[in-house]
Number of protein chains: 2
Amino acid sequence: MELTQDPQLYRMRHSLAHVLAQAMQRYRPGALLGFGPPVDDGFYYDFILPEPISEDDLPALTKLMEEIVKERQEFHYEDLPAEEALARLRAMGEPHKEEYCRELIEKQGLETIRFYRNGPFVDMCEGPHLEHTGQLPKGCFKLHSIAGAYWRGDERNVQMTRVYGWCFKDRKQLRAYEKAREEAKKRDHRKLGKELDIYVIDAEHVGKGLPLWLPAGAVLCDELEKLAREWEFQEGYERVRTPHLTRGTLYRQSGHLDLYRESMFPGMHLPDEGGERPEDAYYLKPMNCPHHHRVFAARPRSYRDLPLRLAEYGTVYRYERSGTLQGLTRVRGMCMNDAHIYITEDQITSEFVRVMELHRRYYELFGLSGYHMRLSLWDPDDPKGKEKYVDDPENWQKTEDLVRRAMQEVGLPFVEVKGEAAFYGPKIDVQLKTVGLQEFTISTNQLDFAVPPRMGLKYVAPDGSEQVPYCIHRAPLGTHERFVSFLIEHYGGAFPTWLAPVQVRLLPIAERHLDYADKVCAALRADFVRAEVDRSSERFGKKIALGRTRKIPVLLVIGDDEVAQEAVTVNRYGIKEQRTLPVEAFRAQLAREIRARAHAKTWEDIDRLD
Amino acid sequence: MELTQDPQLYRMRHSLAHVLAQAMQRYRPGALLGFGPPVDDGFYYDFILPEPISEDDLPALTKLMEEIVKERQEFHYEDLPAEEALARLRAMGEPHKEEYCRELIEKQGLETIRFYRNGPFVDMCEGPHLEHTGQLPKGCFKLHSIAGAYWRGDERNVQMTRVYGWCFKDRKQLRAYEKAREEAKKRDHRKLGKELDIYVIDAEHVGKGLPLWLPAGAVLCDELEKLAREWEFQEGYERVRTPHLTRGTLYRQSGHLDLYRESMFPGMHLPDEGGERPEDAYYLKPMNCPHHHRVFAARPRSYRDLPLRLAEYGTVYRYERSGTLQGLTRVRGMCMNDAHIYITEDQITSEFVRVMELHRRYYELFGLSGYHMRLSLWDPDDPKGKEKYVDDPENWQKTEDLVRRAMQEVGLPFVEVKGEAAFYGPKIDVQLKTVGLQEFTISTNQLDFAVPPRMGLKYVAPDGSEQVPYCIHRAPLGTHERFVSFLIEHYGGAFPTWLAPVQVRLLPIAERHLDYADKVCAALRADFVRAEVDRSSERFGKKIALGRTRKIPVLLVIGDDEVAQEAVTVNRYGIKEQRTLPVEAFRAQLAREIRARAHAKTWEDIDRLD
């Protein structure tokens with residue numbers, strides 16, 4: 001669940017799921033139930049229907065739901081002993097609920113099971129709910145779509161029909177959300193990615209979840225890497241390059257073969273190396289850490305070498321089920337803004353602060369303000385804690401305190417959440433809302449006290465003793481795939497000049513202006529500006545419109561006056577007023593804007609850079 | 001054989017192989033024979049020995065050879081009919097020679113077999129040889145090493161003992177070659193790669209043939225990529241990024257699954273995608289071309305888009321047998337300076353010229369002069385030609401003519417070699433001699449008329465018809481692995497400043513100079529200069545010596561005078577005279593040197609950049 005979810009909203013959404021199920025059982029008598037939880041922006045319920053429905057059925061279902069709301073049905077619960085609960089579900093004829101109930105009893109050891117009733121509808125459910133359905137304001141919800149979903153998310157199970165609804169506190173908030181979703185649709189990175197030639201997924205030939213970056217997309221990735229390279233140089237990182245493959249031996253040692261194998265591509269056994277054990281095969285790396293640990297281990301290390309900051313934009317491959325893949329946000333190959341920082345215990349706080357400052361610098365550059373930070377902690381009370389977390393309470397305590405202190409020092413607000421830590425230590429996740437108001441983890445910064453000793457990493461301390469370093473895993477820019485998908489939507493495809501795939505397009509008004517346009521274009525390209533000349537025979541208005549559609553930040557109008565004055569008329573995306581400038585002045589201005597990586601939205605923004 | 005090998009030298013080397021075999025049969029009676037050919041720098045012979053030998057036996061063997069030389073044994077040959085030849089080899093008790101003889105008769109259809117005799121020694125051999133062993137000048141050869149070698153290079157066969165000898169025209173030329181080899185040993189990229197922390201191969205954990213680039217090596221790769229990015233931008237290339245994986249479907253279409261599968265890593269079948277045919281699996285890419293072809297095919301293309309130049313420093317993976325792997329020169333993963341240029345027929349010559357000009361520009365930058373170019377042609381008379389080459393005589397004729405014309409236009413000398421073309425078209429290979437005088441293919445430029453139609457690539461011509469583009473495959477900088485291994489040896493690890501992993505090291509004479517050194521270092525790093533301060537407590541002479549050992553181009557001496565004058569004393573690698581300069585003047589000078597990517601060997605070289 002979303003962290004910030006309001007308890008009342010949670011009750012509304014949860015209650016609406018029950019209202020939806022009741023309505024469905026009226027609409028399609030005999031409908032069987034799956035799960036029906038509240039979600040970030042509303043609720044859903046899964047059904048097995050005796051006769052399929054389509055989105056055309058949603059108005060009728062909505063009407064039935066509104067009737068139930070009007071009935072002011074009260075919510076009441078009762079707790080039944082295990083056997084009685086099973087008997088009731090059997091009597092209700094709900095085999096999937098019964099299966100889940102049996103699991104709760106047998107695997108999780110529950111002794112009683114709670115049932116909620118509102119009106120004629122009964123559901124096995126933990127709650128909480130509203131007092132009665134009349135507390136749902138008119139117009140606070142909307143059924144918006146239907147999708148297929150496997151029972152318990154497992155494709156080997158029966159497929160159910162999932163009905164989704166949005167729900168907010170009132171009609172006004174729902175409308176605001178709908179508007180944001182509409183804007184998000186226009187900015188959807190899959191739509192803009194195609195229109196702006198950023199990437200393509202060639203599922204038939206190249207495979208699913210393996211985007212090909214077209215030239216415009218490669219520019220975005222290259223500019224992000226250039227940015228990271230510069231800032232990491234300033235912060236004292238050293239870059240490394242590691243192969244995309246490793247022998248299983250490394251993953252036996254790192255624990256990947258035990259814990260992570262299902263998310264990895266299958267192993268490749270080489271005929272001339274023999275061996276049939278998993279560790280004898282070669283694997284695509286799903287993470288860069290073990291390779292970086294081997295770089296650390298490749299030389300004897302002293303405390304004088306620490307902090308040792310090893311950075312790599314490394315491509316990793318993960319086996320995601322094809323059904324879960326989506327555009328650039330869920331892929332099988334991803335290039336990560338990775339680094340591993342090896343530190344002594346004394347350096348934890350200062351280095352963590354330094355990393356968070358770097359995060360903040362990135363967010364400022366991209367104009368991100370709506371993010372919040374989550375300190376993800378160990379959960380000492382989790383009954384499965386020993387499988388999920390390294391069993392070392394003392395180190396958990398210590399590192400959590402250090403991270404908390406670092407966050408207070410850097411002055412970034414954060415919330416703490418138990419049970420969301422990494423296996424090997426506490427972490428900061430940076431969450432933000434997309435244009436479509438979806439929650440999105442954009443970066444992560446993790447403190448690892450557990451893997452370095454397991455990998456045998458050591459350094460010589462000032463007293464000559466051997467010590468184990470701590471390790472920070474950080475990826476402020478996440479992966480190219482996710483970050484670019486986010487940026488496309490964030491900027492709606494209208495990138496700031498430094499990022500834009502084409503930065504300048506020259507539009508000669510008539511053919512006689514072409515030579516001059518070529519000359520100016522060559523001068524710009526000599527400055528490594530991504531400039532091009534529109535050589536088409538379209539009429540001028542069309543040329544302007546095409547430049548707009550491509551969201552090119554700067555269009556240069558070239559006519560008789562410009563040729564005569566050795567000037568260009570600058571027409572900037574999103575700015576109405578055009579300005580005519582001498583070519584040299586324009587070159588200097590553009591260079592300043594690009595160097596500053598400015599996001600100029602007005603002429604004043606640009607003047608300020610002078 | 002080496003193209004440029006002198007016929008007389010060839011006879012000398014070939015005759016020495018026979019002399020070696022005769023000597024061995026005296027030294028180890030009962031020694032059985034394998035092959036014994038001349039090679040680039042001498043000769044070798046393979047034996048099965050009744051009792052092993054070591055390098056300690058080489059002087060005694062050499063003495064026996066010298067005796068045979070003195071005997072002025074004449075070389076004579078006779079041609080025996082097939083059956084007689086087999087009978088003779090059986091009588092000689094040479095089972096491996098007999099096996100090979102049978103193959104020549106049965107598979108290659110030879111009707112007579114030639115035997116050469118000198119003194120008491122007889123060998124099945126095509127020749128040619130000297131007239132007599134007395135034509136071998138004193139001191140023209142030297143046995144230099146022993147190695148194991150499988151019969152016919154196949155690890156399933158018996159292992160033989162190979163004895164290697166060098167041979168040159170006279171003692172003086174042999175000495176010169178030996179000296180070059182000694183220098184090469186000092187510069188061996190495996191030795192310097194370790195001393196300068198450039199890369200490490202962690203065969204146990206990460207795997208064989210998969211180098212990890214340490215920070216110094218990552219700098220070299222990054223600088224090469226930056227160079228390529230800049231020059232390719234100037235030449236109108238567009239960069240793309242493609243995954244390291246592909247579905248087999250693409251390789252079925254491209255022909256890789258038929259022709260290249262043995263050199264590929266094994267396929268990975270994904271559980272959720274099913275299928276058991278080779279094309280249903282996912283593969284690591286051994287080449288970038290098919291992915292780039294899919295980028296071409298991702299959008300409708302018009303003649304207006306051509307030439308379309310798609311560039312990528314793409315990492316490819318090839319399954320090389322572990323026994324053949326060697327340092328960075330023979331690896332399993334390699335990052336290639338790749339590009340594919342799609343052109344119309346009319347553009348072939350001009351674009352090929354342009355690519356060769358780019359090659360030349362690179363070679364000038366790196367100070368390479370001893371290269372020669374080889375135009376590798378189709379061999380219409382090769383009996384296996386239909387398997388090795390696309391069967392399209394007309395296109396071979398046409399493209400070979402066009403490439404020849406382009407080479408003449410660009411004015412680069414080249415030799416033509418039949419039977420060395422790629423499967424899909426003629427190519428230019430650029431060969432050079434390493435410091436150790438080994439032949440080395442550094443780059444390639446290929447014209448492909450066959451794959452684009454097979455991959456269904458098309459563009460719309462001015463008349464509206466659909467046409468198939470030609471494709472140029474070029475990699476002037478080869479792969480990072482091979483090119484860096486070459487550069488390490490070429491520069492002996494003393495890289496020009498723009499390439500050097502550490503460009504400047506500041507050496508404070510006493511602790512009181514540390515603050516100033518830090519300040520100057522920070523100023524240099526703000527210019528993105530890779531500068532560092534030697535903070536060790538070593539005495540000053542040792543600091544200088546350590547800087548030399550790391551072959552850092554610029555050491556800055558910082559003492560009282562420098563602090564007082566806001567200056568630095570510049571001590572450059574390989575230049576005796578030190579110069580003291582104001583900090584700002586030094587910064588400007590260094591920036592000019594780096595920007596020009598100069599290889600400055602004297603102060604005059606540096607002054608000239610001002």
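Through how many residues does a hairpin join S2(B) to S3(B)? I began with this point and found that 2 residues link the two strands.

**Entry 1: basis.** I note that this is a predicted model, in which local features need pLDDT of at least 70 and side-chain atom pairs count only at pLDDT 80 or more, while totals for chains, interfaces and linings use all residues. Residues are numbered from 1 along each chain as its sequence is written, chains are lettered from A and ligands numbered from 1 in the order in which they are written, and side-chain values use heavy atoms, with hydrogens and water left out.

**Entry 2: strand S3 of chain B.** I looked up S3(B), residues 42-48; strands (E, at least two residues) and helices (H or I, at least four) are DSSP runs numbered from the N terminus. Of its 7 residues, 6 are buried, that is, under 20% relative accessible area with a 1.4 Å probe, protein chains only. I then listed its partners, where pairing requires at least two DSSP bridges between two strands. S1(B), residues 32-33, runs antiparallel to S3(B) with 2 bridges, and Leu32(B) stands opposite Ile48(B). S2(B), residues 38-39, is also antiparallel to S3(B) over 2 bridges; here Pro38(B) has Phe43(B) as its bridge partner.

**Entry 3: strand S16 of chain A.** I turned to residues 372-377 of chain A, strand S16; 5 of these 6 residues are buried, so the strand is largely enclosed by the rest of the structure. S16(A) pairs antiparallel with S18(A), residues 427-433, over 5 bridges, and Met373(A) has Val430(A) as its bridge partner. S17(A), residues 414-418, runs parallel to S16(A) and is joined to it by 5 bridges; Ser376(A) stands opposite Val417(A).

**Entry 4: where chains A and B meet.** I found 68 residues of chain B in contact (heavy atoms within 4.5 Å) with 69 residues of chain A. The two chains bury about 5,700 Å² between them, 60% of it on carbon and sulfur atoms; this is the accessible area (1.4 Å probe) lost on putting the two parts together, summed over both. His205(B), Phe233(B) and Arg241(B) supply 14% of the area that chain B buries against chain A, more than any other three residues. I counted 14 salt bridges between the chains, each a side-chain nitrogen of Lys or Arg within 4 Å of a carboxyl oxygen of Asp or Glu. One of them joins Arg332(A) and Glu273(B), at 2.6 Å from N to O. Helix H7(B), residues 215-234, gives the largest share of the side of chain B that touches chain A, with 9 residues.

Conventions: Buried means under 20% relative accessible area, exposed over 50%, partly exposed in between (1.4 Å probe, protein chains only).
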